[in-house]
Amino acid sequence: MAGLSPQVTNLIIILGMMQVSKKIPWEDSQTLFLVRAAYLLSNAIIISVYAYTHYKINQKKDMTTLKYVDQPQMGSTEEPKLITTTVHKYDVDQMKALYKAQMMGVGMMAFMHLYMNYTNPLLIQSIIPLKGAFEGNEVQIHLFGKPAIGEMKRPFKAAAGFMSALQGGGAAPTQDKKTIEAAEKAGRGGVKDE
Amino acid sequence: MAAIIKGLFGGAAPSASPIPAGDSDFADFAGAPDPTPISFSTVSSAAGYGGAVPTSTSTVPWTKWYNVHERHSLGDFKQEGIILGFLVLTVLVHLFGTGSNRKKAKSWISAHAPVLKKEFALVGFGGPQIASEQDSLVLPESLLKEKSPQEFTTYASGRQNVAFLDVNLTLHKRYSPITMIAEFAMSLFFDSMPTPAERVEAILYPFDGREALTVPGQLPGAHELRKDTKSSYDGFVWAIVNKETMKQLRDDRYDVSLTGTKDSPKLPNWVTVMSESAEITDFLLTPELIKAIEEAGDLLEHLIITDQPVDQPQKLDDTVPKKRINLSYRLPSSGDFSKLLPIFEYFIRLTDTLVQGAHFRAEVLRKVRVTREDAIKKLQKADEDEKAEERALEREKAKKLKRDLELKGLDAKAQKKYLEKEKEREMRKMQKKQTQKG
């Protein structure tokens with residue numbers, strides 16, 4: 001598994017699980033209960049992992065200044081914007097984003113399962129997010145103590161997924177000294193939206 | 001609960017009708033037997049406590065009107081009771097919240113009043129006081145004005161180099177816990193919503209050499225002021241910022257976003273310096289300030305010396321420098337302000353330091369000036385572009401008007417000819433353009 005990228009393993013799991021889910025007797029209330037319990041358990045694990053990581057981040061409270069230039073989204077005419085923050089604040093913001101994503105996932109799943117009565121996705125959704133949670137940069141750094149270098153150097157690159165490939169993929173944050181200096185004193189703050 | 005809601009909006013229980021049904025038009029009062037009241041229990045057991053009894057059925061006997069206490073029991077007023085309970089609870093929470101906010105504000109002013117009184121001739125909104133009654137008679141809380149249950153403000157004036165000082169206290173909305181919880185929850189999910197916090201924001205306006213404008217001509221003391229107008233200092237933006245808030249601050253404030261951020265080894269690692277020039281930083285980062293910051297701890301949010309507007313200038317008028325000094329710190333939950341007093345005092349006295357020493361070399365100021373001139377130039381250019389566009393639009397309009405007038409003066413045949421000519425002219429123009437491009 002070490003050689004494969006997360007996307008590939010995700011795909012393998014999805015395909016495999018689709019085959020498995022064909023064999024599962026979904027009408028049986030006993031299995032339904034089991035699958036629901038598994039989904040809830042997986043989410044509980046994810047939340048506790050995140051919470052522990054968050055706790056660790058707050059404990060470390062790394063106040064090193066982190067400067068990077070955020071590239072604007074494709075299509076917008078805005079100039080690249082400098083973001084000055086700390087490692088601690090960056091990590092906390094990342095964690096917030098993770099919580100949000102998690103909530104969104106659960107919300108979607110609740111809608112699909114409770115309102116539209118789909119049961120099959122429960123199985124996949126209790127495995128993929130769990131796997132994703134352990135593969136996330138913040139968890140890797142703080143829970144597994146991996147050094148924040150290379151791929152995991154802050155600011156993180158956006159995961160090269162399907163969507164970012166469509167958007168041109170070049171919008172990675174840069175820490176180039178020249179770009180930072182150019183953007184630093186640009187006076188872009190305090191813009192009031194009319 | 002459903003019954004309560006139903007009851008709230010009315011139309012639930014059938015209302016009592018004094019005329020027994022079954023009667024065709026009028027009751028024959030003469031022939032009717034003398035009505036005798038039946039006991040309360042028989043009726044209530046038949047209909048429960050749901051209000052008056054519907055009289056359409058024949059089993060219920062004809063009775064006299066009941067007294068109020070016979071028609072209703074306490075149980076009928078369940079919803080009113082619940083509403084009343086909530087009302088009382090709301091009022092109590094409000095009273096408790098405003099009370100504890102007031103107490104907090106009072107403890108703040110009690111701690112800071114001595115400093116303010118020592119530095120300023122006038123503190124609060126009561127007008128100038130005689131020195132003898134200043135200390136003993138004036139209660140500290142009278143110096144504070146309650147703008148709203150969560151906002152308190154005070155004012156001070158009358159000090160060398162300082163025109164006036166505004167202080168705003170923002171507290172939690174303790175009187176409305178639901179709003180408070182909602183705001184906390186929103187700040188978790190939306191980046192644009194700031195987390196509510198209890199903080200003090202003080203803005204100090206230095207005289208900057210314009211004392212004469214505030215003290216009118218013939219008053220005693222005006223003459224002396226005129227002679228001695230050396231309270232000006234060079235304009236620049238310089239800030240000490242808590243790193244937790246620096247991203248937000250750079251986004252929110254135009255003046256701060258003109259600076260460069262650089263950590264100083266002399267400062268604790270949770271604060272950073274935002275400055276336009278290293279020399280300015282060297283001058284302002286005194287050991288006394290460092291000590292005050294260390295003592296205040298990370299309650300301190302920022303200390304900003306600025307001459308630029310907070311909002312990005314939209315017009316040329318906005319770029320006129322207005323010097324201010326800002327201090328912002330969060331209130332300690334313990335209510336012990338002694339650690340924050342040094343930074344507050346330093347903040348007030350900072351103008352003296354600036355007036356004395358903030359006159360930098362021309363090389364230092366050039367960089368600072370260029371930033372401001374660039375902003376002005378940008379605005380001027382935008383202004384000119386807009387004007388040019390307007391002029392072009394007007395020219396176009398005049399042209400069209402002329403053409404319409406010409407057309408109007410001609411008869412049908414000539415009009416047709418005119419239009420054809422115009423078309424031809426346009427075609428030629430287009431061709432010309434194309435050949436030029438090629």
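The model is predicted. Chain A and chain B bury about 2200 Å² between them, while the two assigned domains of chain B bury about 1100 Å² between them. In chain B, strand S3 (residues 151–159) pairs with strand S4 (residues 162–170) over 8 bridges.

**Interface of chain A and chain B**

- Chain A contributes 26 residues to the contact, and chain B contributes 28 residues.
- Of the buried area of about 2200 Å², 47% comes from carbon and sulfur atoms.
- On the chain A side, the greatest losses of area to chain B fall on A:Met63, A:Thr84 and A:Lys185, which together account for 25% of what that side buries.
- The interface of chain A and chain B holds 1 salt bridge.
- A:Asp93 and B:Lys247 form a salt bridge, with 3.8 Å between the closest N and O atoms.
- Between chain A and chain B, 5 residue pairs are in polar contact, with both residues at pLDDT 80 or more.
- Three elements of chain A, namely strand S1 (65–70), strand S2 (81–86) and helix H3 (87–115), each supply at least two residues of the side that touches chain B.

**Domains of chain B**

- The domain assignment divides chain B into domain 1 (81–366) and domain 2 (367–437).
- The centres of domain 1 and domain 2 of chain B, taken over C-alpha atoms, are 52 Å apart.
- Contact between the domains involves 18 residues of domain 1 of chain B and 10 residues of domain 2 of chain B.
- Carbon and sulfur atoms make up 58% of the area of about 1100 Å² that the two domains of chain B bury.
- Within domain 1 of chain B, B:Glu276, B:Leu316 and B:Arg366 lose the most area to domain 2 of chain B, and together they represent 45% of what that side buries.
- The interface of the two domains of chain B contains 2 salt bridges, and 9 residue pairs are in polar contact across it, both residues being at pLDDT 80 or more.
- Helix H13 (residues 362–409) of chain B gives the most to the side of domain 1 of chain B that touches domain 2 of chain B, with 4 residues.
- B:Glu276, listed above for its loss of area, forms a salt bridge with B:Arg372, the closest N and O atoms being 3.0 Å apart.

**Paired strands in chain B**

- Strand S1 (residues 122–123) of chain B runs antiparallel to S3(B) and is joined to it by 2 bridges; B:Val123 has B:Ala156 as its bridge partner in S3(B).
- Strand S2 (residues 145–148) of chain B also pairs with S3(B) in the antiparallel sense, over 3 bridges, and B:Lys145 stands opposite B:Thr153 in S3(B).
- S2(B) and S3(B) form a hairpin, with 2 residues between them.
- The pairing of S3(B) with S4(B) is antiparallel, and B:Glu151 stands opposite B:Thr170 in S4(B).
- The hairpin of S3(B) and S4(B) likewise has 2 residues between the strands, and in this hairpin B:Asn161 takes a positive phi near 70 degrees.

**Annotated segment of chain A**

- The unreviewed UniProt entry annotates residues 33–53 of chain A as "transmembrane region".
- In the model, residues 33–53 of chain A are 100% helix and 0% strand, and the C-alpha atoms at the ends of this segment lie 30 Å apart.

Definitions and conventions. Residues numbered from 1 in each chain as written. Chains lettered and ligands numbered in written order. Predicted model: local features only at pLDDT ≥ 70, side-chain atom pairs only at ≥ 80, totals over all residues. Heavy atoms only, no water. UniProt positions renumbered as here; feature names shortened; annotations may be inferred. Pairing = 2+ DSSP bridges. Domains from an automatic or database assignment. Contact = heavy atoms within 4.5 Å. Buried area = accessible area lost by both parts, 1.4 Å probe. Salt bridge = Lys/Arg side-chain N within 4 Å of Asp/Glu carboxyl O. Polar contact = N/O pair within 3.5 Å; in protein donor to acceptor, adjacent residues only side chain to side chain.
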